[in-house]
Amino acid sequence: MRGLPEKGVTPPPPSDLRWLPAYAGAPATIAGCAEVAAPIGRAIYVIPGTVAQCGEARAGHVLQMQALVVDLDQGDIVAKRDHLIRHLGPATLTVESGGITEGGQKKLHLWWKLSEPAHGADIARLCRLRGEIARKVGGDGSFGSAHQPVRVPGTIHGKHGLRSQVRIIDHQAIEVDLAEFETRAIAMPVLAEPSSSGKPLDFNSDAKPSVDAVLTTPVREGAADDWTRFQGASAAIGHYLRQAHEGRMTLDEAWEAICSYNAAMLRPPWPEDRLKAETRRLWQRHLERNGPAQPPRQEAPTGPLDCFSLGQLLDDRSALPDDIIAPRVLTPGGLLVLGGAPKVGKSDFLISWLVHMAAGVPFLGFTPPRPLRVFYLQAELQYHYLRERLHQIGLPSEVLVAARDGFVATPRLKLLLDHGGVTRVLEAIRSAFRDSPPDILCVDPIRNVFDGGSAGPNGGSGGENDNSAMMFFLKERVEALQAAVNRDAGVILVHHTKKLSKQQVKDDPFLALSGASALRGYYTSGLILHRPDDDSTARRLEIELRNGPALEAKLVDKIGGAWVELNARHERLVRQEVGARLDAERDRKAEVILDLLYEEAAEGRLYTSTQFASNFENRAGLGSQHTIQDRLNVLATKGYVKYQRNGGLYDLPLVRSRFGYMCTEGMRFGRAEQVDPETGEVIARGIAVRPSHYRCASSGVAREVENPFVWVWPEVSDV
């Protein structure tokens, strides 16, 4: 039981913490404590669970929990309660917690009694369920923790001196099975987004306080503030110990900073012996979780910097180092960033590219000087799906043979590139390339392994959107790995792009890179793979170089499992959307014309091109006869339409047209049954219409068909 000072009560009463035996006399003990607490402004809470012995009150100490609690403390309380009852069933206990929302509704606690107590792994399961239900209805997410306390019904709610009773408004003899209740909760739709606590220092919320808030907020004893001295001291100690563990300061410097925080922010300060004991405890726990500490970071070199006069630079005519990937796409010691939206094909494109580089074979105009050694660290595809991807990529057999040993990939890694992660990756690289270091290090993608250093009291990263965190990742993680493996190795980082409009991507593709702007200022080469037209499979590869002249963007596509470069000159430059719609309309008319010719022949009607255009003018959306005639000419030139001059084969008159009646591949005249004279089996309906002439694709004149039984297509690239 926790007797804690109510917020806003002055002077605050002392706390009253008790561990009550779980027996029938506990309610009477709590009632006695409540009678003493009410006049002095002390709130009475309990953790709805049991622990093994006195002095234990952490989440890990909870051995059993007998009920599931949901705290509705903001928004439309009535609607949220109705939503829960509709999908989860009536609550065992409904309690008015004493508070009032901004909308004037009474805050509620809903309890569901379990048919049997949860213990062991079921406690974590129950807490996850409490947090998930709170998320779906906009309740208090703090109940995702097992040691979250709740007010006791029958006590007094007295924040800021305004008193009201915590009272039971509904009680039913209901018990629920945890597994069945979990099934209903998972199926329950979301009513509201997760609520964000208004407290600046809420240690039970998902978003922990920032370092600045921790180190600059005074904390008084007796839980007079939104958090306790213990929480403040633990957060500050943890922050400075993480700095020491990562080598950002020495242990002596960390201890000095901890003492300064204790003296300035804890009121009154902790005794030194208690501060030392808590520091030792947290340091030991941190070592157990994160391994040995890094040595303190060395001071930057103080020697003279290299500098060269204009004359020295002009007089140096020595050959430039060979590009790792020419032309200047990846230079020795350089950093290349490949960006693209999810599912645009970045990883597929990159794997094809790297395998070609490992084989020493050019790829889409990118050329290696020799077979390269490539280490591909990827954090997306598991082993079986990685090998499936490699089997599906259309790579020439000679490329695969040449790259068998030079291309090394990891299955999906579940690690951060922090100090420990860099060490593990370094060991893997040295194991894979024992004789000589790799030429290319590739990380795919940044987001899955990103470590921006410590930014919060719980060691969380500043995130890839933070410039300082991004620079920390590039300098302290990527550069550190590169320096440990091969200083001249080229590094390729794969990154996601933001959601921008097509026009924004067209105007400046590299603004689409997700995260901090520091990344663009740091890399030596940038590539963006995007799809200009959602209706087309073609991708556009934009290229930005720092160490060489600008390169033209490439239009690429995956055809037959292999990546190929398309001729960008065939791409429209203006009014692309309008042109695409006109192309689609022409294709539609061609399909309609071919269908009509086929169906009309089945009804016993063949047409010359002129008569067809006249008959079907303004029908089926084909437009005027001149438009139809133009489409027929195109279809005849491309070999979709041919001609039969002898109408007598089908009891039709001879025509004066220089071509004759039109026919298509597989066309049949009429619907009369064709019977096999030997077996009596019906083998077809109608008479096959076979061509006698076709339009020459180059001259347009009528030429005789050599074999009417074989439909021959013109040898032109458009067919």
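Why does Trp-713 count as partly exposed? Trp-713 has 33% relative accessibility, and therefore counts as partly exposed, a class that lies between buried (under 20% relative accessible area) and exposed (over 50%), with a 1.4 Å probe and protein chains only. The structure is a predicted model, in which local features need pLDDT of at least 70 and side-chain atom pairs count only at pLDDT 80 or more, while totals for chains, interfaces and linings use all residues. Residues are numbered from 1 along each chain as its sequence is written, and side-chain values use heavy atoms, with hydrogens and water left out.

We can begin with the aromatic rings. A pair of aromatic rings is described by the distance of the centres and the angle of the planes. Rings of Phe, Tyr and Trp (for Trp, its six-membered ring) pair if their centres lie within 6.5 Å, and the planes make the pair stacked when under 30 degrees apart, edge-to-face when over 60 and tilted for the rest. By this rule the model holds 13 aromatic pairs. One of them joins Phe-450 and Phe-473, whose ring centres are 4.9 Å apart and whose planes stand at 35°, so this pair is tilted. Phe-450 sits in the loop between helix 14 (446-449) and helix 15 (467-485), whereas Phe-473 belongs to helix 15, so that the pair links distant parts of the chain, 23 residues apart; helices here (H or I, at least four residues) and strands (E, at least two) are DSSP runs, numbered from the N terminus. Both Phe-450 and Phe-473 are buried.

Trp-713 also has a ring partner, because Tyr-640 and Trp-713 form an edge-to-face pair with 5.1 Å from centre to centre and 75° between the planes. Since Tyr-640 lies in the loop between helix 20 (625-637) and strand 24 (642-644) and Trp-713 in the segment after strand 29, this pair ties together parts that are 73 residues apart in sequence. Tyr-640, at 32% relative accessibility, counts as partly exposed. Elsewhere, ring pairs link Phe-349, Trp-353, Phe-363, Phe-366 and Trp-563 into a cluster.

Charged side chains form links as well. A salt bridge is a side-chain nitrogen of Lys or Arg within 4 Å of a carboxyl oxygen of Asp or Glu, and a search of the whole structure finds 27 of them. In one, Asp-451 meets Arg-477 at 2.9 Å, N to O. This pair, too, links distant parts of the chain, with Asp-451 in the loop between helix 14 and helix 15 and Arg-477 in helix 15, 26 residues apart. Asp-451 is buried, with a relative accessible area of 9%, and Arg-477 is buried, with 6%.

Another salt bridge brings the side chains of Glu-544 and Arg-520 together at 2.8 Å, N to O. Because Glu-544 lies in strand 21 (residues 539-545) and Arg-520 in helix 17 (residues 518-522), the pair ties together parts 24 residues apart in sequence. Here Glu-544 counts as partly exposed at 23% relative accessibility, and Arg-520 is partly exposed with a relative accessible area of 25%.

What does the salt bridge of Arg-18 and Asp-16 look like? Their side chains meet at 3.1 Å, N to O, and Asp-16, Arg-18 and Arg-42 are linked in a network of salt bridges.
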